[in-house]
Amino acid sequence: MRILIVEDEYTLREQLAERLRAEGYAVDATGSGKEGEYLGLEYPIDAAIVDLGLPDQAGDAVIETWRQKQRDFPVLILTARGRWEDKVAGLEIGADDYLVKPFHNEELLARLRALLRRASGWSQSEIRCGAIKMELGSKRVLVDDQELDLTALEYKVLEYLMLHADDVVSKSELTEHLYEDDAERDSNVLEVIIGRLRKKLDPDRTLVPIETIRGQGYRFCFTRDSEEA
Amino acid sequence: MRSLRTRILFSASLVLVTFLGCASVLLDRAFRESALNSVEDRLRGRIFMLIGAADFDAPGDQSLIDSLPDPSLSIPGSGNYARIVSRNGDARWESRSLLGIEPDFPPPVETGQWQLDHIRAATGEKLFSLAYSIIWEGAGVNHPIHFVIQACENRRFYLDTVGRFRRSLWLWFAALSVTLLVVQALNLSWGLRPLRSVEDEVRAIEQGRSNQIVGEYPSELTSLTRNLNTLIAHNRENLQRYRNALGDLAHSIKTPLAILRNQFESEEKKSSTDTMLEQLERLDRTVEYQLHRAAAAGRSLLSPPLAVAPVVERIADSLRKVHAHRELEITVAVDPGALFLGDEGDLMEIIGNLGDNSCKWARQRVEIRVSSLPVRTLQIDVADDGPGIPNGQLDVLLKRGAKLDHSVEGHGIGLAIVREMVEDVYQGHLGFETSNEGTVARVKIDFA
């Protein structure tokens, strides 16, 4: 999952980026509204965190531009202005949620997870495909109620695939959303990870959850279960 | 005397009455003088007539006048009298009208002199009397003879004339006064009409039916109305500028707060970091609360009326978006004519915070109802089907910055802000009805 942070205060930006990376997100961070606008338009962003009070270009103008150009990834507004007048204005220009500074990191993460989930059409914090259940908050994966032991990278790949269950996800799409820099990208690593995931999810080769579509990419092929309350 | 109209009407009427009063007194006096002159002229004419008719050469035992050209002198008690006396006072001739009247004639006058007197007759009649004396040097007489010719007229004629004049004078003046006063009043209401319409427009602004003065006014008023419009606009701009300044202040305080909190949260748990986090929390709530308080615009006489329905719709849309993951059913029922006589930001703050609070607690449903009650009272109900507020917690909830349940996200000062806004800024009332079926937050604001 690739997150864009547009926040002009250097320290806060770095804290946020560090925390999000620690949570396994790929992070693009900038202090400039113009650069943020460009990144949002040109990069495969999954969600953006935007501070409204930017020095060169107002945050709301950035969001408006994204929306006008059909970039519909979820946007979380970060601002010091806590009046409802400001909140409503921010949500009306196309933001999806709103957080008033100062905030708890945990709250920010919870909101971000909820936004990502909603953007992929899931509305609960647990997503379930057949026997495989993923708890997004605690980052646990269970198969037939048995918890799997996954590395961070394995979890990230599986999370992306499950959130986009039934869609074909290309290798380049996966790497773009998982890594910040091109240098890290290596399709062999991805193949190894997919192979390991297949073993861990399906040791007996009865479920076959991850399909390889030749020349196109991978597909998590369990249809979404109706969500539990 | 508080009204300009009464003042002008009063002073104009005073001037009018004084003027007409003085004029009538002066006219009356002038007329009496001229009436008196005409009495004198009439009597003088009668004397000349008698001199012409008299035969002064007639012997002492014969009548001086044989035939009278004026018949009124021949009718007894007619009011017109005359006589001719010799120097020593012997009557040489008396008009027949004098019969039984016996006026108290004044003593004879010097030769060639005219003398007007007010005399009284034995009958009580008041008379004007004019006397003239002549010296006659007749043909057959060798020494000149003095005659005094006296003519009288009843004062009644004079008084009648004066009375008639006065009656007509007063009648006309009264009619004139009434006409002038009516014209004056019409004039005033025409002249002051622009003032009255300014008054109406200002009242419309006060009652929130309008937000600026739009009419065309005479040059004396345009600077006033222009200034008033500027003042209203300035007021609004000021509020906006003030809020922007508060927003900037919030930004510059809260960003460092956010950094500090993130720093402490990421550090290893120590009791000192806990204390610092606690203090940061306090600082944050205080800043948040005070900034909200400061940004409240309140009820202004000059603020335009605000239709409540669109504001509620916008808030509901925002709530649906922010609480999308809860899959709540957020419904809105607003009286179409409901008006809020205050600031839009304040109304959003009230409904937004109550709605947000309900959304956090609701199980499935939140309803925002707004109704206009009689005598300009606005009632806002925000209902949820949550677990209700435990007994005794309501007070804590409403206290400044208190937070009932830390597990529910948010700053926890929303309700305190609403209470401050409703009760202190708009002098309204905030109440809660709660059971384990749900909670209704009810705001009542009286705009009368």
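The buried residues of helix 4 of chain B pack against helix 1 and helix 5 of chain A, together with helix 5 (271-295) of chain B. Residues are numbered from 1 along each chain as its sequence is written, while chains are lettered from A and ligands numbered from 1 in the order in which they are written.

Let us stay with helix 4 of chain B, which covers residues 219-266. Helices here are DSSP runs of H or I with at least four residues, strands are runs of E with at least two, and both are numbered from the N terminus. At 1.5 Å a residue, the 48 residues of this helix should span 70 Å, and its end C-alpha atoms are 70 Å apart, which agrees; the expected span is 1.5 Å times one less than the number of residues. Its buried residues include B:Arg243, B:Gly247, B:Ala250 and B:Asn262. A residue is buried if 20 or more other C-beta atoms lie within 10 Å of its own, exposed if 12 or fewer, and partly exposed in between, with C-beta atoms placed from the backbone.

Now look at where the two chains meet. The contact takes 26 residues from chain A and 31 residues from chain B, two residues being in contact if their C-beta atoms, placed from the backbone, lie within 7 Å. On the side of chain A that touches chain B, helix 1 (10-22), helix 4 (84-92), strand 5 (97-100) and helix 5 (105-119) of chain A each supply at least two residues. Helix 4 of chain A gives the most, with five residues. The model scores ipTM 0.72 and pTM 0.63.

Three of its strands form an open antiparallel sheet in the order 10-12-11; two strands pair if DSSP finds at least two bridges between them. Strand 10 (168-169) and strand 11 (210-213) of chain A stand at the edges with a single partner strand each, so one side of each is left without a neighbour in the sheet. Four bridges join strand 11 of chain A to strand 12 (residues 217-220) of chain A, and A:Ile213 stands opposite A:Gly217. Helix 6 (residues 152-163) of chain A lies across strands 10, 11 and 12 of chain A, at about 70° to strand 12. For such angles, axes are lines fitted to C-alpha atoms, for helices over the stretch in contact, and angles run from 0 to 180 degrees between N-to-C directions.

Chain A also has some backbone details to find. Strand 6 and strand 7 of chain A form a hairpin with two residues between them, and A:Gly130 in the turn has a positive phi of about 60°. A cis peptide bond joins A:Lys101 and A:Pro102, with omega about -10°; A:Pro102 sits in the loop between strand 5 and helix 5 of chain A. A:Asp145 has a positive phi of about 65° although it is not a glycine, and A:Asp145 is exposed, with 7 other C-beta atoms within 10 Å.

Chain B has nine helices and 12 strands, and buried residues make up 25% of its 448 residues. Helix 7 (residues 344-361) of chain B has 18 residues; 14 of them are buried, so this helix is largely enclosed by the rest of the structure. Strand 7 (residues 329-334) of chain B runs parallel to strand 9 (residues 365-373) of chain B, and six bridges join them. Strand 9 of chain B also pairs with strand 10 (residues 377-384) of chain B, in the antiparallel sense and over eight bridges. In the hairpin of strands 9 and 10 of chain B, B:Val375 takes a positive phi near 55°.

How far can chain B be trusted? Its mean pLDDT is 83, and 92% of its residues reach 70 or more; pLDDT is the predictor's confidence in each residue, from 0 to 100. Over residues 401-411 of chain B the pLDDT is below 50. Where pLDDT is low, the predicted coordinates should not be read in detail.

Notes
This is a predicted model: local features need pLDDT of at least 70, side-chain atom pairs count only at pLDDT 80 or more; totals for chains, interfaces and linings use all residues.
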